[in-house]
Amino acid sequence: MTVQRYAAVIQLRPEHEATYRSLHTSVWPDVLAALDRANIRNYSIFLRDGLLFSYYEYSGHDHEADAASLAADEATRSWWQLTEPCQQPLATVEHPQWWAPAEEVFHHDGP
């Protein structure tokens, strides 16, 4: 099975950094289970200079359908109600998009 890599960027509102960090120290098990059901693996979020950078690997067969099922998940939607006020989309993002997709310019799997 081919793994697809996805990355995206969004601004973190500085006044909400402590809240955002606190939320991510104990992500709800139902949210993690929804990510698993959506075939999302190795999901990470990094922070640098006010920018959040997310990365994950997708191992399913229909990313669009799995993303839609994740967006429809009740626990995930409740989670986003807590995390979205902490974030500010980049100026280049068009509504309804939230996170700005990042283009992969290099990858090396190694031996």
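View 1. Leu47 stands opposite Leu52 in E3, strands being DSSP runs of E with at least two residues and helices runs of H or I with at least four, both numbered from the N terminus. Strand E2 (residues 40-48) and strand E3 (residues 51-58) run antiparallel and are joined by seven bridges, where pairing requires at least two DSSP bridges between two strands. Two residues lie between the strands of this hairpin, and Asp49 takes a positive phi near 50 degrees. The model is a predicted one, in which local features need pLDDT of at least 70 and side-chain atom pairs count only at pLDDT 80 or more, whereas totals for chains, interfaces and linings use all residues. Residues are numbered from 1 along each chain as its sequence is written, and side-chain values use heavy atoms, with hydrogens and water left out.

View 2. In H4 (residues 74-83), Ala75, Thr76, Trp79 and Thr83 are buried, that is, under 20% relative accessible area with a 1.4 Å probe and protein chains only, exposed being over 50%. These four residues lie on the same side of H4 because they cover an arc of only 95 degrees around the axis, as given by the directions from the helix axis to the C-beta atoms. Glu74, Arg77 and Gln81 are exposed on the face turned away from the buried side.

View 3. The buried residues of H4 are covered by elements including helix H1 (17-24), helix H2 (29-37), helix H3 (63-72) and strand E4 (87-88), contact meaning heavy atoms within 4.5 Å.
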